[in-house]
Amino acid sequence: MTPDQQFARWVKGVAIAFGLIFVYFLLADLKMPLTPQAMATRGVVKVAPQVSGRLTAVYVHNNQSVHKGALLFELDPAPFKLAVEQAELKLEQALQENAELDARISAAHADVNAATTRRELAEREAHRITALFARNLVSQQARDEASSALRTAQANLQASQATLAQLKVSRGAQGETNLRIRQAHNALEQARLNLAYSQVRAEQDGIVTNLQLENGAFATAGSPLLALVADQVEIIADFREKALRHVNPGYQALIAFDGEPGTLYPAKVVSLDAGVSAGQFDANGKLATPTESDRWVRDAQRLRLHLRLEQPAHGMLPAGARATVQLLPDNPLLGLLARAQIHLLSLLHYIY
């Protein structure tokens with residue numbers, strides 16, 4: 001075989017190999033989608049006090065595992081205890097004010113009864129004087145005085161009734177439904193709640209991170225002081241949208257983490273995001289900005305897939321750990337090729 005024939009054979013072999021590799025990658029992209037754009041995520045809770053105060057104790061250290069309800073840190077409880085005591089005093093004062101109003105209402109009832117009796121006497125006297133005046137037995141002055149006394153007695157009765165009504169309105173309802181008592185109870189419960197808030201506890205199981213607390217520092221309500229990373233791990237993977245045409249929740253997958261080369265973890269698809277930021281438009285009053293490109297074939301859009309491991313990882317997976325995700329087709333032969341593909345890539349992580 002001449003050198004030219006050998007060269008032609010090499011060129012032909014390389015062309016065939018290139019064609020086979022091209023067909024394989026085309027088939028793999030359509031039937032066995034794989035992406036290195038994946039990572040482990042964990043829910044992160046920013047822990048912030050609900051009241052302001054000075055730190056008196058920190059009960060955890062950085063990267064410590066805690067359970068839900070565990071005490072994380074505590075604020076100086078002294079001002080909150082004083083607030084509770086003040087609210088208790090206001091409740092006692094409200095009870096005393098109601099008792100005083102009850103006594104005044106009883107006295108007002110007595111005044112109304114007395115005024116009613118006086119008005120009845122004045123009315124009888126006025127009727128008697130009027131009858132005598134009709135027979136010319138009393139003077140006009142006596143009649144006028146009797147009429148005036150009746151009007152005065154009627155006015156005094158109305159004044160007493162108005163005073164009684166005013167006291168009843170000020171007193172309000174009886175028992176715990178009384179407005180003054182309810183307000184005092186609410187203030188007391190709020191003070192007790194603020195006292196409870198001076199002890200900050202974990203809202204879920206997780207790992208304390210980014211802890212930067214020192215005794216004596218002043219904490220402001222609503223300002224995060226540490227982060228609590230949840231134990232539950234979720235994998236997010238970005239695939240080209242054409243690769244997800246037949247992928248639904250429950251679809252099988254294999255995951256290889258960069259931190260554990262050579263190890264594959266089975267997983268299942270949980271959900272697919274409803275959209276990406278490129279498809280979100282703000283009504284900002286500006287005109288549309290069309291996309292400019294001179295390319296015949298544009299870059300493929302990527303969509304985010306959420307997966308869950310079917311078995312726990314061997315070690316602690318930090319949030320942000322990079323991974324490679326391989327979706328497994330239902331076809332046995334393609335599934336075998338997909339497993340070989342992700343296994344090879346996982347082994348390559350020993351090198352890079």
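Q: Let's start with P312: is P312 buried or exposed?
A: P312 counts as exposed, because its relative accessibility is 68% and the cut-off for exposed is over 50%. Keep in mind as we go that this is a predicted model.

Q: Where is P312 found?
A: P312 sits in the loop between β11 and β12, and β12 covers 322-327.

Q: How far apart are the C-alpha atoms of P312 and V233?
A: They are separated by 8.9 Å, although P312 and V233 are 79 residues apart along the chain.

Q: Switching to helices: at what angle do α2 and α4 pack?
A: Helix α2 (residues 78-134) and helix α4 (residues 179-197) pack at about 170°, and their axes are 8 Å apart. That makes α2 roughly antiparallel to α4, because angles over 145 degrees count that way.

Q: What kinds of residues make up the contact of α2 with α4?
A: The contact has 14 nonpolar residues, three polar ones and six charged ones.

Q: Which salt bridge does E97 form?
A: The side chain of E97 meets the side chain of R180 in a salt bridge, at 3.3 Å from N to O. This pair links distant parts of the chain, with E97 in helix α2 and R180 in helix α4, 83 residues apart.

Q: How accessible are those two?
A: E97 is partly exposed, with a relative accessible area of 30%. R180 is partly exposed too, at 22%.

Q: How many salt bridges does a search of the whole structure find?
A: The search finds seven salt bridges. There is also a network of salt bridges that links E88, E189 and R192.

Q: What about R128 and E125?
A: Their side chains meet in a salt bridge, at 2.6 Å from N to O. R128 and E125 are separated by about one helical turn, because they are three residues apart in helix α2.

Q: Now the strands. Which residue does D238 meet in a salt bridge?
A: D238 meets R304, side chain to side chain, at 2.9 Å from N to O. D238 lies in strand β8 (residues 226-240) and R304 in strand β11 (residues 302-309), so the pair ties together parts that are 66 residues apart in sequence. As for accessibility, R304 is partly exposed, with a relative accessible area of 32%.

Q: New topic: where does S160 lie?
A: S160 is part of helix α3, which spans residues 140-171.

Q: Why does S160 count as buried?
A: Its relative accessible area is 14%, and buried means under 20%.

Q: What is S160 in contact with?
A: Leaving aside neighbours within four places in sequence, S160 is in contact with D111, V112 and A115.

Q: One last stop, Q64. Where does Q64 lie?
A: Q64 lies in the loop between β2 (53-58) and β3 (65-66).

Q: What does the side chain of Q64 reach?
A: The Q64 side chain reaches the backbone nitrogen of H61, at 2.9 Å.

Q: Which residues does Q64 touch, not counting those up to four places away in sequence?
A: Q64 touches Y59, G206, I207 and V208.

Note on methods. Residues numbered from 1 in each chain as written. Predicted model: local features only at pLDDT ≥ 70, side-chain atom pairs only at ≥ 80, totals over all residues. Heavy atoms only, no water. Helix = DSSP H or I, 4+ residues; strand = E, 2+ residues; numbered from the N terminus. Polar contact = N/O pair within 3.5 Å; in protein donor to acceptor, adjacent residues only side chain to side chain. Contact = heavy atoms within 4.5 Å. Axes fitted to C-alpha atoms, helices over the stretch in contact; angles between N-to-C directions. Parallel < 35°, antiparallel > 145°, perpendicular 65-115°, else oblique. Nonpolar A, V, L, I, M, F, W, Y, C, P; charged D, E, K, R; others polar. Salt bridge = Lys/Arg side-chain N within 4 Å of Asp/Glu carboxyl O. Buried < 20%, exposed > 50% of the residue type's maximum accessible area, 1.4 Å probe, protein only.
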